[in-house]
Amino acid sequence: MQTSTAQVQQDPSRYRVLTGDRPTGPLHLGHYFGTLQNRVRLQRLGVELFVVIPDYQVLTDRDIADRPAERAEELVLDYLAAGIDPERATIFTHSAVPALNQLLLPFLSLVSVAELQRNPTVKDEIAHSRQSSVSGLMLTYPVHQAADILSCKGNLVPVGQDQLPHLETARTIARRFNDRYGAAVFTEPEALLSEAPLLLGTDGGKMSKSRGNAITLGADEDRTARLIRGAKTDTERRIGYDPEQRPEVSSLLLLAALCEGGEPQEIAEEIGDRGSAALKQRVTEAVNEYFRPHRTRRAELAADRAHLRAVLRAGNERANAVADATLAEVREVMGMR
Ligand code: TRP
């Protein structure tokens, strides 16, 4: 069920990627090196890109989505600044595509409650949820995510480990739908497992939109410098790359290496025993240098809100056309015409 980048390179036009980010906050350097860069790379190879902004999914663990329209616009800005080409990509929100949401109903009938309850990522989210009870959406959002993917017949989903159970659900639904209705409507989407190393946040935990430990893509040079200066390190003066024993220092070295295009070990040697302050100085320069063109592009894009909204409007229109066609096919084979 996994595809490699090498396979994609051989025949990029075979693939349609569907991926997305919950609109719960601004994207950060972890997203950039973890997924955004890869989307841009895939797009440049000639892979067709669909990006969902899953605004309904935000409701899994909170009562209301916080400023969903504004957050969607911010995500479009993050995407375009990172280099996603809106002429060729389809960027859309869940809530603007009724046919996608309607697919949820037949799809729900194809999975059992026991299966939904076994999903390890959902179990983990429930364990960490701020809510006092588990909503029906929390249990069923992986099915909704299958609708994201299958409504546009995405066949390649770039994912981190935590999303693999959801992709398995989508594959199961595609297979069972075809079996139950005796028609080859869906193909099972494949995972493109991220090779990107994980960046830690400034507190040493996983860099996260909601933990307040992230260096966001919208941060300017000064803010970035301040955040890096305040990042957790250790007291050993000699800088070394050892992700197991010295995760914070190693994550900073990795960040510098990603920006400079070098190796973290070499950067560590160059800094030698000049300590954390020298390391942070190096990282700050590397990040600010690397993101200079990004920030310039971002400032231009941010000044034209109408353009951002137009990109989303065009994406929503296209996603509707594609999802309408899929739903029509689904209803046809279900005998609902
Ligand atoms: N669950 C993903 C996240 O938390 C977002 C997402 C929604 C997604 N629908 C998707 C990812 C479909 C891949 C494919 O970030």
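Modeller: A residue is counted as near a molecule if one of its heavy atoms lies within 4 Å of it. The model is predicted, with local features needing pLDDT of at least 70 and side-chain atom pairs pLDDT 80 or more, while totals for chains, interfaces and linings use all residues. Residues are numbered from 1 along each chain as its sequence is written, and side-chain values use heavy atoms, leaving out hydrogens and water.

Colleague: Which element supplies the largest share of the shell around the ligand?

Modeller: The shell includes Leu18, Thr19, Gly20 and Gln145. Helices (H or I, at least four residues) and strands (E, at least two) are DSSP runs, numbered from the N terminus. Helix H7 (136-151) and strand S1 (16-20) each supply at least two shell residues. The largest share, three residues, comes from S1.

Colleague: What is the distance from a nitrogen atom of the ligand to an N or O atom in the side chain of Gln57?

Modeller: A polar contact here is a pair of N or O atoms within 3.5 Å. For Gln163, a polar side-chain atom lies 3.2 Å from a ligand nitrogen, and for Gln145 the distance from a side-chain N or O atom to a ligand nitrogen is 3.1 Å. For Gln57 the corresponding distance is 2.9 Å.

Methods: Polar contact = N/O pair within 3.5 Å; in protein donor to acceptor, adjacent residues only side chain to side chain.
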